[in-house]
Amino acid sequence: MPFPLTRRDFLMTSLAAGAAALALPAGAVPMPEGWTLPDEYLPTVIRLKNNFGPNEIHVDPASFSLYYTLEDGKAIRYKVGIAKGNLYIPGDFTIGAKKEWPSWTPTKEMIQRSPEHYAQYADGMPGGPTNPLGARALYLFTPEIGDTFLRIHGTPEPWTVGSAVSNGCVRLVNEHVMDLYNRVQLGTRAVLYPKAPAAA
């Protein structure tokens, strides 16, 4: 699958010295003792050095960043967690469905890889504060497959954002995915760029 853009396209300059973070609602998920969300993880309006059109999602795995493009070359940058190892799947997708407090069912592959963790949820888990998909989910589709079972979603474990820990999906802090969810329309393009090759 061709990717006309590279990581260089994500180099940006802040719109002002100390670009202002968006005001978002306070979180309801308890954090581990002593953990707080770093200020640099807050959604930030930035200017991109490229010609992206508005209303697109671009995920740069190297910087654990998701960009939602706005008008005039601007974007909102959200910090994300991505898939571990070879479970990360790059591609050019569209948002085919949106759900609030979605239910979750592990894939057959997840159950096969780790039955001790996932077999108990083979019949699904209802949405709620402890659900792995968090407060909101955007469902990634392709014309060839339809629902790819990849999601951009929230998480009840916000301290995992900024790392490669998931089974394939892109995760955001719940409050951040709620903000993104309200901006994204069905049919929105979502590009997940490839990971950089491992050093020899």
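Select helix 3 (residues 174-183): Asn-174, Glu-175, His-176, Val-177, Asp-179, Leu-180 and Tyr-181 are its buried residues. Buried means under 20% relative accessible area, exposed means over 50%, and partly exposed lies in between, with a 1.4 Å probe and protein chains only. Helices (H or I, at least four residues) and strands (E, at least two) are DSSP runs, numbered from the N terminus. This is a predicted model, in which local features need pLDDT of at least 70, side-chain atom pairs count only at pLDDT 80 or more, and totals for chains, interfaces and linings use all residues. Residues are numbered from 1 along each chain as its sequence is written, and side-chain values use heavy atoms, with hydrogens and water left out.

**Helix 3 and the whole chain**

Because 7 of the 10 residues of helix 3 are buried, helix 3 is largely enclosed by the rest of the structure. To see what covers these buried residues, show strand 4, strand 5 (74-79), strand 7, strand 8 and strand 9, which are included in the cover. Then zoom out: the protein has 3 helices and 12 strands, and 44% of its 200 residues count as buried. Contact here means heavy atoms within 4.5 Å. Of the contacts between residues at least 6 apart in sequence, 67% join residues at least 24 apart.

Select strand 4 (residues 65-69) next. With 5 of its 5 residues buried, strand 4 is largely enclosed by the rest of the structure.

Two strands pair if DSSP finds at least two bridges between them. Strand 3 (residues 56-60) pairs with strand 4 in the antiparallel sense over 4 bridges, and Ile-57 stands opposite Tyr-68. There are 4 residues between the strands of this hairpin, where Phe-64 takes a positive phi near 50°. Strand 5 is antiparallel to strand 4 as well, joined by 5 bridges; here Tyr-68 has Ile-76 as its bridge partner. Strand 4 and strand 5 also form a hairpin with 4 residues between them, and Asp-72 in the turn has a positive phi of about 60°.

Now pick Ser-65. How buried is Ser-65? Its relative accessible area is 3%. A polar atom of the Ser-65 side chain lies 3.1 Å from the backbone oxygen of Ser-63. Beyond neighbours within four places in sequence, Ser-65 is in contact with His-58, Val-59, Asp-60, Arg-77, Tyr-78, Lys-79 and Val-80.

**Strand 8 and its neighbours**

Move to strand 8 (136-142). Strand 8 is largely enclosed by the rest of the structure, because 6 of its 7 residues are buried. Strand 7 runs antiparallel to strand 8, with 6 bridges joining them; Ala-97 has Tyr-139 of strand 8 as its bridge partner. Strand 9 also pairs with strand 8 in the antiparallel sense over 6 bridges, and the partner of Leu-140 in strand 9 is Leu-150. The hairpin of strand 8 and strand 9 has 3 residues between the two strands.

Two residues of strand 8 are worth a label.

- Arg-136, in strand 8, counts as buried at 12% relative accessibility. Leaving out residues up to four places away in sequence, Arg-136 touches several residues, among them Trp-101, His-153, Val-177, Met-178 and Tyr-181. The C-alpha atoms of Arg-136 and Arg-151 are 9.8 Å apart, with the two residues 15 apart along the chain.
- Thr-142, also in strand 8, is buried with a relative accessible area of 10%. A polar atom of its side chain lies 3.1 Å from the backbone nitrogen of Ile-145. Apart from neighbours within four places in sequence, Thr-142 is in contact with Asp-92, Phe-93 and Thr-148.

**The largest pocket**

Finish by selecting Trp-104, Thr-107, Met-110, Asn-167 and Cys-169, which lie nearest the centre of the largest pocket among its 39 lining residues. Helix 1 (108-113), helix 2 (115-118), strand 7 (91-100), strand 8, strand 9 (146-153) and strand 10 (164-166) each give two or more residues to the lining. Which element gives the largest share of the lining? Strand 9 does, with 5 residues.

A pocket is an open set of points on a 1 Å grid over the protein atoms alone, where a 1.4 Å probe fits, with protein on both sides within 12 Å along at least five of seven lines; lining residues have an atom within 4 Å of a point. The space in the largest pocket is about 1000 Å³, a volume being the space filled by probe spheres set on the points, which are joined across faces, edges and corners.

Colour the lining by type to see 18 nonpolar, 14 polar and 7 charged residues. Ala, Val, Leu, Ile, Met, Phe, Trp, Tyr, Cys and Pro count as nonpolar, Asp, Glu, Lys and Arg as charged, and the others, Gly among them, as polar.

Key:
A polar contact is a pair of N or O atoms within 3.5 Å; within protein, one must be able to donate a hydrogen and the other to accept it, and residues adjacent in sequence count only if both atoms are side-chain atoms.
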